[in-house]
Amino acid sequence: MGIDLRQVVAGILTLTMFVMLGQMIKRDHFDSLQDKLPGEAQDVQVGNANVIEKDGLVKLSKGSKGPWMKDSQELKPCWSRTTFDGIEQSRGYVTFSLTNGPEYHVSQMADAVIVARYLAAALVLPDIRGSRPGDERNFEDIYDVEKFMKSLDGVVKVVKQLPNEISIRDLAAVKVPNRVTEDHIVENVQPIFKSKGNIRLATYFPTVNMRKTTQKSSVDSVSCLGMFGTLELQPEVSEVVDSMIERLRTLSRKSDGLFIAVDLRVDVLENKNCHGSGTNVAKSCYNAQEIALFLRKVGFDTDTTIYLTQSKWDNSLSVLKDIFPKTYTKENIMPEEKKGKFLEFEGSELEKVIDFYICSKSDVFVPALSGLFYANVAGKRIALGKPQILVPADIPGTSATVTNYLSPYVAKKNHLAYSCFC
């Protein structure tokens with residue numbers, strides 16, 4: 001029996017389509033953990049010109065070693081102070097704490113501003129509390145107080161502390177879900193506030209959903225301001241972040257000063273629920289070896305400089321350093337005179353802040369871990385005009401087009417940040 005060439009070609013094409021579909025499903029599994037985030041990155045073919053633009057999202061640079069992508073134009077806030085009505089005479093106080101790192105801080109701040117604005121209450125400057133006992137700081141230890149208060153001028157009254165006559169024990173504890181709505185405030189917060197006069201607010205996170213919604217609300221502008229327009233680092237912390245970024249760029253001379261930031265933390269990787277098992281189970285993170293293979297297969301040169309969010313070096317990271325020798329953690333690149341304060345103990349709020357802002361400003365960001373850090377770093381990068389966020393995947397074969405792995409937050413422009421910036 002003769003072989004029909006057309007059947008052979010058809011079989012090859014079918015097999016190829018299944019392989020491509022499998023890769024899209026695997027990457028969707030990673031992002032599905034952002035509350036079932038849908039969408040695929042658009043397939044952009046890289047031509048001989050080495051300069052590609054797709055819907056204004058990505059430009060691949062010519063001349064650098066690797067598939068580096070150029071920054072886009074920094075976006076401008078869609079909200080305006082003219083959209084805010086004058087604040088009413090404040091009645092009562094809303095207190096709260098910033099906890100668990102800057103990826104939570106931005107969401108907690110947005111919810112607190114929304115609640116205080118709606119209740120016409122004064123917002124008390126929050127303290128900052130880490131996940132470890134004893135990791136407590138004043139707001140000004142990390143963020144710029146004056147810029148914070150100025151950002152909310154005419155929107156919410158801010159006071160630095162409660163009046164002496166009000167005891168913390170008299171505050172009514174109120175929990176609100178992340179991205180709190182007017183309806184929730186009316187039904188669950190306002191009655192308690194009217195009864196008690198002062199509340200202690202805490203945000204909980206039923207999901208890490210940071211997708212924009214089609215429904216419009218009168219609190220949208222307040223939410224955008226609270227999330228993206230209030231928190232700026234105080235000078236000393238900002239200087240440490242800038243010095244570390246400058247050090248990374250100096251180490252990246254062969255790639256024109258460009259570097260990759262990877263959110264990879266060994267303690268999370270060791271969590272037994274971190275990796276899925278089976279073909280249909282979502283994969284929530286990637287280890288050092290998987291990240292190394294991913295970066296090589298999408299085209300990054302072995303001389304590429306990589307920053308890891310891991311606090312201190314761990315032997316499990318050696319496989320990544322074997323492939324990319326210029327792989328560093330904070331202890332390698334932080335100025336020596338700052339280590340005593342900023343690296344006082346592993347996983348402190350100061351360490352998390354450094355990671356968040358370096359990942360927000362790097363030339364490429366790769367979230368090896370699914371979660372709120374990925375989601376809110378993505379929002380910060382979108383606002384800064386840095387859409388180069390690559391979601392890792394297990395790639396069969398030896399190479400792949402880098403733009404196939406662009407984060408759906410960017411490829412589909414479905415991140416909340418796109419509702420706040422124009």
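This is a predicted model: local features need pLDDT of at least 70, side-chain atom pairs count only at pLDDT 80 or more; totals for chains, interfaces and linings use all residues.
Colleague: How many cavities of 30 Å³ or more does the structure hold?

Modeller: The structure holds three of that size.

Colleague: Which residues line the largest cavity?

Modeller: Its lining consists of Val106, Met227, Phe228, Gly229, Thr230, Leu231, Phe356, Tyr357, Asn376 and Lys380. By class, six of these are nonpolar, three are polar and one is charged.

Colleague: Which domains does the lining of the largest cavity draw on?

Modeller: At least three residues of the lining come from domain 1 (93-229), and at least three from domain 2 (235-419).

Colleague: Back to helix H13: where does it lie?

Modeller: Helix H13 spans residues 372-384 and lies across strands E8 and E11, running at about 165° to E11.

Colleague: Turning to the sheet with those strands, what is the strand order, and is the pairing parallel or antiparallel?

Modeller: The sheet is open and is formed by four strands in the order E10-E9-E8-E11, with parallel pairing. At its edges are strand E10 (327-328) and strand E11 (364-367), each of which pairs on one side only.

Colleague: How many bridges join E8 to E9?

Modeller: Four bridges join strand E8 (residues 259-263) to strand E9 (residues 305-308).

Colleague: What is the bridge partner of Phe259 in E9?

Modeller: The partner of Phe259 there is Thr305.

Note on methods. Residues are numbered from 1 along each chain as its sequence is written. Side-chain values use heavy atoms; hydrogens and water are left out. Two strands pair if DSSP finds at least two bridges between them. Helices (H or I, at least four residues) and strands (E, at least two) are DSSP runs, numbered from the N terminus. Contact means heavy atoms within 4.5 Å. Axes are lines fitted to C-alpha atoms, for helices over the stretch in contact, and angles run from 0 to 180 degrees between N-to-C directions. On a 1 Å grid over the protein atoms alone, a cavity is a set of points where a 1.4 Å probe fits but cannot get out, and a pocket is an open set with protein on both sides within 12 Å along at least five of seven lines; lining residues have an atom within 4 Å of a point. Grid points are joined across faces, edges and corners, and a volume is the space filled by probe spheres set on the points. Ala, Val, Leu, Ile, Met, Phe, Trp, Tyr, Cys and Pro count as nonpolar, Asp, Glu, Lys and Arg as charged, and the others, Gly among them, as polar. Domain bounds come from an automatic or database domain assignment.
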